[in-house]
Amino acid sequence: RAKVTLPQLQAMKERGDKIAMVTAYDYSAALLADRAGMDMILVGDSLGMVVLGYSSTVPVTMEEMIHHTKAVMRANPAALVVADLPFLSYQTGIKDAVYNAGRLVKEGGADAVKLEGGRAMAPVVRAIVDAGIPVMGHLGLTPQSAVQLGGYRVQGREQEAADRIAADAEALAEAGVFSLVLECVPVELARRITAALKVPTIGIGAGPHCDGQVLVFHDLLGLFDRFRPKFVKCYVNLSEIIVNALASYREEVRQGRFPDEGHSFQ
Ligand code: KIV
Ligand code: NA
């Protein structure tokens, strides 16, 4: 499979072909996602919650993001790989933002970066894009500022809030994002923003009218059930399958039935 390009993603929106994206945080998951034909892979800072055991995405560091981005890139995916800028790597000024975006690309090997926030982030987006790095935006429920948003809840239900998010989307598009994640917003707001923007929108908990969808790897595979938001569709319950397999192994070891002749050297 040839590498997915930005013009191809743009053309998919124009043709009405839906874009599929999933997160991955390591080499073997990236191989699987790519084999499944994903258009984009996100090395999300959700890795803090589903892989590293933090209670939010806030503690995730640049070093952790680079470490996991490198692992994903070793799979040499055809999917376009976007790496999240973690909290405090871009909110402290344009210079920090360009430097840290550059590290995700230069050291991590990412194809593009993603950051959270609206019009206040437009100058930062423009500076990273001017440095030659493609930027994806992220609006609606932005987990790095979840406390300020009143928790992990739907954003943009009231008209005023919806208008603000729609204006933020326009500002980010104007600043040069190649795509925009809409997380946890009402169906109608996502439809409105998707119709207004030239660049593709990628929804998560944003209904069916976005140009594409993203889900967290561990959520869609049923590998992580500490939280299970309404928008998550669990395509398989791997937790159950894995626990059953591990329990069978434990039982066979205890009973002396593993290893048997077939798994031993004479
Ligand atoms: O970190 C992440 O997984 C994300 C997606 C939920 C969009 O930002
Ligand atoms: Na994220």
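Is aspartate 84 buried or exposed? Aspartate 84 is buried, at 3% relative accessible area, where buried means under 20%, exposed over 50% and partly exposed in between (1.4 Å probe, protein chains only). Keep in mind that this is a predicted model, where local features need pLDDT of at least 70, side-chain atom pairs count only at pLDDT 80 or more, and totals for chains, interfaces and linings use all residues. Residues are numbered from 1 along each chain as its sequence is written, chains are lettered from A and ligands numbered from 1 in the order in which they are written, and side-chain values use heavy atoms, leaving out hydrogens and water.

**Sodium site**
- The sodium ion (ligand 2) has Asp45 (OD) and Asp84 (OD) as its protein donors, 2.3 Å away; donors are N, O and S atoms within 2.8 Å of the metal (3.2 Å for Na, K and Ca), and with water not among the atoms, sites may look incomplete.
- Aspartate 45 sits in the loop between strand 2 (40–43) and helix 3 (47–50) and aspartate 84 in strand 3, so the two tie together parts 39 residues apart in sequence.
- Helices (H or I, at least four residues) and strands (E, at least two) are DSSP runs, numbered from the N terminus.
- Aspartate 45 is buried too, with 4% relative accessible area.

**Aspartate 168**
- You'll find aspartate 168 in helix 7 (residues 159–175), and it is buried at 8% relative accessibility.
- Leaving aside residues up to four places away in sequence, aspartate 168 touches Gly118, Arg119 and Leu139 (contact means heavy atoms within 4.5 Å).

**Leucine 88**
- Leucine 88 is exposed, with a relative accessible area of 52%, in the loop between strand 3 (80–84) and helix 5 (94–106).
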